[in-house]
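Let's take a walk through the side-chain contacts of this one. Have the viewer open and follow along.

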Amino acid sequence: MQDSQAKFLKGDLMRHIVVMASSASIGLVSVFLVDFADLLFISMLGEKELAAAVGFAGTVLFFTFSISIGMTIAASALVAQQLGKGDVAEARRIATSVIVFGLVTTATIALLCWAFAGQLMGLVGAKGDTADLAAGYFRIVVPSLPVAALGIMCSGILRAHGDARRAMTVTLAAGAVNAILDPILIFWVGLGLDGAAWASVAARFAMAITAVYPILRHYGGFAPVSLDDFKRDLSPVIAIAGPAMATNIATPFGSGIVMRVMSDFGDSAVAAFAVIGRLMPLIFSVIFALSGAVGPIIGQNFGAKNYGRVRATLTKAMQFTAIYVGVVWVIMLLTYGVIASAFQLSEGGRVMLFWFAIIVTPLFLFNGSLFISNAAFNNLRRPLFSTALNWGKNTIGVWPFVVAGAAIGGPTGIIVGQALGGVVFGVLGLWLAYRLVDAYEDGRSDPDRGLDIRVLRERAESPFSSPRG
């Protein structure tokens, strides 16, 4: 365990970033590839309403899963900071508190979403038989939200320990289970859309099992659940988990706006957009993984007050992002036609995929910069910065751009407008991250006045006392 902490505080930063991001992305690729295959199998059934239903249900499921990601950010950030200070017992205790909070929260959300599934599908624009299909798919998957939350939170704890290999195994196991069950349940058993949903549920259980086991075996497990400890930990947990959840649900909120505007152009446009929605996380899985990879590196170096290395981590992460996006851009330009044919997209869908390849793909660089910035803010005790930027990007950076895009270029204009709207926020986020590191280093901002666990506990226990600093 000491070796895993030391490698974040010393050594080649770019190598650490590449190893952590690539190992995390291998697991994500397995999950996103299966999601991609899900939609391919559904498309092979020859009914565009089924593919559209997956698109509508997936938008709302993305919203619910993003809440779990927010809790994972809290677990990773809080545990990594305590490990950076050498306080293993405190790290174990805060991990337990985050998990208890996460399970209670996601179980409540899952129950509400199941009860109002039909209304939620209507909010994102689903209509008629497509809405019924989407709600049925959603109602099968959403009860397993607490299981998924447990798995992804424990994966974040493994990364906080620097255990990239076991964290990768979590998502690999989920992807393998889903990949095996998908064709069996969809085609051989004949469940169709419901089969894809049940395969996803099984994959979430596999994720949870493979994430919890190594923590129990190799890292001393969790602290005993204590109501007193939970009450004292609740303040720091909410202080990061609350803004992190608010930050992460901004993205599916923006996707919901896009889906609602896209629904006006019919099921064929929604089906094509669903393909793009499954393709994007697959081809950019490394960038999605990057924020989770650099977070623990930033957190442990920040805990050790090594600000120069925090700044260098931001720079190296952006260099890595630029190179990766450039490679993916070339690949997409060469393969978009093959993808369109495989999914039997309409002519309009092929045009959408072409413009996604030529314009939207390179602009993902700015999404990457925002991901990196969010990781920095969450680990530098300024999570509200992430919240403000993400909501700005997914409201004023989405709605006017996609509405204008729809008016000018129809479905194609929508996806291009969505990409253009995020440019300013990506640049602004990275600039603020560098400024925050500078402020800590030169003493203009006090690290102990931020979201430090002990400080927040003191405030919770003495609510009428004045804040430190």
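What follows goes from aromatic rings to charged groups.

Keep in mind that this is a predicted model. Start with the rings. A pair of aromatic rings is described by the distance of the centres and the angle of the planes. Going by that sort of geometry, the count here is twelve aromatic pairs. Take phenylalanine 253 and tryptophan 391: their ring centres are 5.1 Å apart and the planes make an angle of 55°, which puts the pair in the tilted class. An angle over 60 degrees would have counted as edge-to-face. Phenylalanine 253 belongs to helix H10 (residues 227-262) and tryptophan 391 to helix H15 (residues 383-393), so this contact ties together parts that are 138 residues apart in sequence. As for solvent, phenylalanine 253 is partly exposed at 37% relative accessible area, and tryptophan 391 also counts as partly exposed, at 25%.

Now move to phenylalanine 288 and phenylalanine 364. With 5.8 Å between the ring centres and 45° between the planes, this pair is tilted too. Zoom out a bit and you'll find both in one aromatic cluster, made up of Phe284, Phe288, Phe364 and Phe371.

Rings can meet charges as well. Look at tryptophan 114: the charged end of arginine 139 sits over its ring, 5.1 Å from the centre.

That brings us to charge meeting charge. How many salt bridges are there? The count comes to two. One of them joins the side chains of arginine 166 and aspartate 163, with an N to O distance of 2.7 Å. Aspartate 163 is buried, its relative accessible area being 7%.

Then there's the salt bridge between aspartate 438 and arginine 311, where the closest N and O atoms are 3.0 Å apart. Aspartate 438 sits in helix H17 (residues 423-441) and arginine 311 in helix H13 (residues 307-342), so the bridge ties together parts that are 127 residues apart in sequence. Aspartate 438 is partly exposed, at 29% relative accessible area, and arginine 311 is partly exposed at 23%.

Technical notes: Residues numbered from 1 in each chain as written. Predicted model: local features only at pLDDT ≥ 70, side-chain atom pairs only at ≥ 80, totals over all residues. Heavy atoms only, no water. Phe/Tyr/Trp six-rings, centres within 6.5 Å; stacked < 30°, edge-to-face > 60°. Helix = DSSP H or I, 4+ residues; strand = E, 2+ residues; numbered from the N terminus. Buried < 20%, exposed > 50% of the residue type's maximum accessible area, 1.4 Å probe, protein only. Lys NZ or Arg CZ within 6 Å of the ring centre and 35° of its normal. Salt bridge = Lys/Arg side-chain N within 4 Å of Asp/Glu carboxyl O.
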